[in-house]
Amino acid sequence: MKDGRLLLAPAMGWLAFFFIVPMLIVVAVSFASRTPYGQVIFEWTLESYQRLLEPLYLRIFANTLWVSFLTTFLTILMGYPLAYYIVQLPKKWQQPGLILVMVPFWINFLIRSYAWVIVLRSQGLINSLLLKFGFIERPMQLLYNDAAVMVGMVYALLPFMVLPIYVALEGLDWRLLEAAYDLGASPFKAFRKITLPLSMSGIAEGTIMVFISSIGMFIVPDVMGGAKTVLIGNLIQNQFLSARDWPFGSALSIVLGILSLILIFLYYRAINGSKGGAQNA
């Protein structure tokens, strides 16, 4: 037992130094103040947290939550059928299917975001094709709006939903479905009563990964939304890099982290409750 703890010491020390210590620094800075030139002064105050109650920042928080929930919902809607289809493939084709899902991870995230700019801009691929075939008379505004941000978010985070659902479906005992069909259940009822409940763990894991990633996203709104879409991640980035208001940026980061933990706790509690209800039924 003692040797096992010694083996864990390097990993725990690494996490403590590069995660816990920086987090404590962020907490300390969030209670500090700043000079007009951006210098941090450790005069403890709640001013940064009080600013979060201003209507402007409350709207940004609400918009961020809405975008994150919608992104998560769309990735479930698109990712579940894709994961189900890959599981239904012959064994020799399942691995290539997963590789195709993971291929975007092999390309830099910023490059992938700018690739969407090339596709959606006024002189981009979509508008050029629509103009060439006469479907439109003038280019459509497909970029720098909320719809473009949603496309970029779903594209970037879809693999995080597909992979956990695939793992959950792969471990499913398909004999249960065969038994349900033998007892007269329709395909939809068998899916609703057996497949979906038994794959909820994958949906829960994918939801957590997608939601947490989307709630702090700032690259996609910057590149594909321009100045028209501001989420919490963009606001935090602006406070640290442009406005030089580190205390306010730190306060935003702390509140965002706490909010994420609360939502994760509530979601897992709801999932466990639904599982318990299904088992009792």
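Which element gives the most to the lining of the largest cavity? In this predicted model, that element is α5, with four residues.

**The cavity**

The structure holds one cavity of 30 Å³ or more. The residues F109, R112, S113, W116, G152, Y155, A156 and V220 line the largest cavity. Two elements, α5 (109-120) and α7 (146-170), each give two or more residues to this lining.

**The pocket**

The lining of the largest pocket is made up of F19, M23, V26, S253, I254, G257, I258, S260 and L261. Here the elements that give two or more residues are α1 (2-30) and α13 (246-280). The largest share, six residues, comes from α13.

The table sets out the two spaces by volume and by the classes of their lining residues.

| Space | Volume | Lining by class |
|---|---|---|
| Largest pocket | about 240 Å³ | six nonpolar, three polar and no charged residues |
| Largest cavity | about 30 Å³ | five nonpolar, two polar and one charged residues |

**A helix pair**

Helix α9 (residues 187-198) packs with helix α10 (residues 200-215) at an angle of about 50°, and their axes are 4 Å apart. That angle is why α9 counts as oblique to α10. On the α9 side the contact involves L196, P197 and L198, which meet M200, S201 and I203 in α10. By class, this contact has five nonpolar, one polar and no charged residues.

Notes: Residues numbered from 1 in each chain as written. Predicted model: local features only at pLDDT ≥ 70, side-chain atom pairs only at ≥ 80, totals over all residues. Heavy atoms only, no water. 1 Å grid on protein atoms, 1.4 Å probe; cavity = no way out; pocket = protein on both sides within 12 Å on 5 of 7 lines; lining within 4 Å. Points joined across faces, edges and corners; volume = space filled by probe spheres on them. Nonpolar A, V, L, I, M, F, W, Y, C, P; charged D, E, K, R; others polar. Axes fitted to C-alpha atoms, helices over the stretch in contact; angles between N-to-C directions. Parallel < 35°, antiparallel > 145°, perpendicular 65-115°, else oblique. Contact = heavy atoms within 4.5 Å.
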